[in-house]
Amino acid sequence: MPTSTAPAERTTRIPFSQTRVSTPVLGVIGILAFIAIWELASRLELVNPLYLPPFSEVAATVVQVLIGDQYRVQFWTALGNTMLGWSVGLVISLVLGIVAGLIIGSNRWVREFTHSTVEFLRPIPSVGLIPIAIVIFGVRPTATIAIVVWACFWVVLIHVVYGVTDVDPVAESTARSYGFGPFARARYVVWPTLLPYLMTGLRLSGTIALVVAITIEIVVQAPGIGQMIAQYQSAGNAKVVYALALLAGVVGLLINLALRRLENSVLSWHPSVRGEVVL
Amino acid sequence: MSGRIVARRVFMALALPIIIVVLWWVGTLNDTNPFVPKPVNVVSDLVTVWAGPLLVEQVVPSLYRLGVGLGGAIIVGVLLGVLVGLSRVARKLTGPLFEFVRAVPPPVLLPVLLLVIGIDDRSKIFLIFLGCLWPVLLNTIDGVRSVDQVLGDTTRTYGLRGWSRLRYFVLPASMPRIMTGIRLALPIAIILMVVSELYAALDGLGYQIMLFKQTFQTGPMWAGIFIIGFIGILLAFIFRVIERRVLAWYYGQREVESSER
C-alpha cells in the first residue's frame with residue numbers, strides 16, 4: 001500500500017540493520033562466513049579433506065572447469081546437452097499445458113469431468129517414470145525431455161486453469177455487451193487475467209525442469225551435467241564434483257533470475273509488480 | 001434430488017478414469033510388445049508380486065527414510081525459520097546464501113553425500129532432509145517476517161512476550177506459509193527417496209523397480225511405479241486432511257473476508 005507521505009525522519013540514530021547498505025553488506029558477510037566454515041572444516045580435518053576439499057581448491061577447480069583445457073570442452077558440451085533437454089521440455093510442456101488448461105478451464109463441465117483424473121495423475125512423482133522412459137525411449141535425450149515434460153506439464157496446466165477460472169465475470173459480461181467477439185474477449189479479458197498465473201507457472205517449472213533434467217542425467221547416465229558429476233564421483237575426484245555442484249547452483253540461480261526478470265517485464269502493468277516498484 | 005446430485009458427482013469423478021482404463025485395455029488387447037503393459041497384468045502383478053513380503057521388505061525401508069528425512073526437515077526448518085525470521089540481522093545475513101544453496105538442484109548432492117557418508121540409510125535420509133529443508137525454511141522465514149504488523153504491536157502492548165508470544169502469535173500467524181512450505185516439500189521428498197534408491201541402494205522401492213527393469217520384468221516394474229504413484233497420492237491426501245484441520249481458522253477467516261467484499 002503506497003502511503004502519500006514518507007514516514008517522518010527520526011532524529012535518533014537508525015540501527016545499522018535498518019540502513020540501506022546493510023542488506024548487501026550483511027549478505028556478503030553471511031556468504032564469507034559460510035566459505036570460512038567450509039575452508040576450516042576441511043583444513044582442520046573435521047571432515048575428511050578427501051571427501052570435502054577446502055573451498056579455495058574447489059574455487060580453483062571451478063575456474064579450471066570453466067576455462068581450463070582439461071575440462072572445458074566436456075563441461076560446455078554437457079551444459080549444452082542439459083540446457084537442450086531443459087528448453088525443449090519446457091517449451092513442449094508450456095504448449096501442452098496452455099492448450100489443455102484453456103480447454104479445461106473455459107468450461108465448467110469439462111473441469112468437473114477431468115478433476116479426478118488430474119488430481120490423481122498430478123502427484124505421481126516424475127522420477128518414478130524414469131524406468132518407463134528408459135524402456136520406451138532408451139538412454140537418449142528424448143527420455144529426458146519426456147520426463148521434464150511430465151514434471152512441468154502439470155504445473156503449467158494447474159496455473160492456466162486457475163488463471164482462466166479467475167476471469168472476472170463482470171468484466172466478461174461487460175466485454176460481451178460491448179460486442180466483443182470470442183477472440184477479442186480472449187485477447188482483452190482472458191489473456192490479461194491468465195498472464196500472471198502463467199508467468200508463475202513458467203517460473204516454477206523453469207526450476208523444476210532443471211532439477212529433473214540433472215536428476216535423470218545422474219541416475220541413468222544421460223549426457224549432461226548430471227552425468228559428468230556422476231562420472232567424477234565414481235572416479236573419486238571430489239574437487240570436480242563440488243565444482244560442478246556449485247556451477248549447477250549458479251545455472252539454477254541464473255534461470256530463476258532470468259525468469260523473474262521476464263515476469264516483471266511482461267507484467268509491468270500488473271498491480272503486484274507495479275506495487276513493488278513504488279515501495 | 002440430493003441422490004441425483006450424488007450420482008452426478010460419482011459419475012463425474014469416475015467417468016474419465018474408466019474411459020482411460022478401457023481405452024488402455026482395448027488398445028493393448030492384441031499387443032504382443034513385452035514393453036507395453038496391459039492393465040490386467042499390472043493389477044495381477046500388483047497382487048502376486050508386490051503384495052506380501054516384498055511390500056514389507058522394500059517399501060517399508062523407503063517410507064522409513066522418507067518419514068525421518070521429511071520429519072527432520074520440518075522440525076529443523078520451522079525452528080531455524082522462526083529464529084532467522086524474527087531477527088532482521090539474521091535475515092539479511094542468510095538471505096543471499098540461502099538463495100544460492102536453494103538453487104543447487106538437490107540430486108546433485110547425491111554423489112557428494114555418497115562420498116562423505118556412504119551408501120547406507122544415513123546418506124539417503126540426509127539427502128531427503130536437505131532437499132525438503134529449503135522450502136520449509138524459506139517459507140517459514142517469509143511467514144514469520146510478514147506477520148500482521150498491527151497484531152504484532154497489539155501483542156506487545158498486552159505484554160505478550162517470549163515463549164507465549166511465539167506460541168500464540170508468531171507460530172499461528174505464520175502457519176499458512178509453513179504449511180505451504182511443507183506442501184512444496186512433499187513431492188521433493190518422494191522424488192529424492194526414489195532417486196536415491198535408483199542411483200545407489202541396497203533395498204527400497206526404487207532399487208526393486210530398477211532390478212525388475214534390468215531383468216526385463218516389465219509388468220512388476222510398472223506395478224512398482226504405480227505404487228510410487230499411490231504413495232504420492234496418499235501423502236497429498238493425508239497432507240490435505242491435516243492442513244484442513246490446522247488451518248481451519250484461516251480458511252474460515254478467508255471465507256468471511258471474501259463474503260464481506
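Here are some notes on a predicted two-chain model, chain by chain and then across the contact.

1. Ground rules. Residue numbers start from 1 along each chain as its sequence is written, while chains are lettered from A, and ligands numbered from 1, in the order in which they are written. Since this is a prediction, local features need pLDDT of at least 70 and side-chain atom pairs count only at pLDDT 80 or more, whereas totals for chains, interfaces and linings use all residues.

2. Chain A, secondary structure. You'll find 11 helices and zero strands here, and the order from the N terminus is α-α-α-α-α-α-α-α-α-α-α. Helices (H or I, at least four residues) and strands (E, at least two) are DSSP runs, numbered from the N terminus.

3. Chain A, overall dimensions. The radius of gyration is 24 Å, against the near 19 Å that a compact globule of 279 residues would have. That radius is taken over C-alpha atoms, and the globule rule is 2.2 Å times the number of residues to the power 0.38. Along the principal axes, the C-alpha trace of chain A spans about 75 × 70 × 30 Å.

4. Chain A, burial and contacts. Of its 279 residues, 35% count as buried. For the cut-offs: 20 or more other C-beta atoms within 10 Å of a residue's own make it buried, 12 or fewer make it exposed, and anything in between is partly exposed, with C-beta atoms placed from the backbone. If you take contacts in chain A between residues at least 6 apart in sequence, 70% of them join residues at least 24 apart. A contact means that the C-beta atoms of two residues, placed from the backbone, lie within 7 Å.

5. Chain A, domains. Seven residues from domain 1 of chain A and seven residues from domain 2 of chain A make up the contact. On the domain 1 side, the residues are five nonpolar, one polar and one charged. The classes go like this: Ala, Val, Leu, Ile, Met, Phe, Trp, Tyr, Cys and Pro are nonpolar, Asp, Glu, Lys and Arg are charged, and the others, Gly among them, are polar.

6. A bent helix. Have a look at α4 (residues 108-121) of chain A: over its 14 residues it reaches 20 Å from first C-alpha to last, close to the 20 Å expected at 1.5 Å a residue. The expected span is 1.5 Å times one less than the number of residues. Even so, α4(A) bends by about 45° at Thr114(A), the bend being the angle between axes fitted to the seven residues ending there and the seven starting there.

7. Two spots in chain A. Gln221(A) has phi near 60°, a positive value in a residue other than glycine. Most residues other than glycine have a negative phi. Gln221(A) lies in the loop between α8 (182-220) and α9 (225-234) of chain A, and is partly exposed, with 13 other C-beta atoms within 10 Å. The other spot is Val63(A), in helix α2 (residues 55-67) of chain A. Val63(A) counts as exposed because it has 10 C-beta neighbours inside 10 Å. Ala243(A) is 180 residues from Val63(A) in sequence, but their C-alpha atoms are 8.7 Å apart.

8. Chain B. Again there are 11 helices and zero strands. Of the 261 residues, 36% count as buried.

9. Helix α5(B). Six of its eight residues are buried, so it is largely enclosed by the rest of the structure. Those buried are Leu109(B), Leu110(B), Pro111(B), Val112(B), Leu113(B) and Leu114(B). They pack against α8, α9 and α10 (238-266) of chain A, together with α6 (121-145) and α8 of chain B. Just after α5(B), Gly118(B) takes a positive phi of about 115°.

10. The A–B contact. Chain A puts in 48 residues and chain B 45 residues. On the chain B side, the largest share, 10 residues, comes from α4(B). That side divides into 37 nonpolar, five polar and three charged residues.
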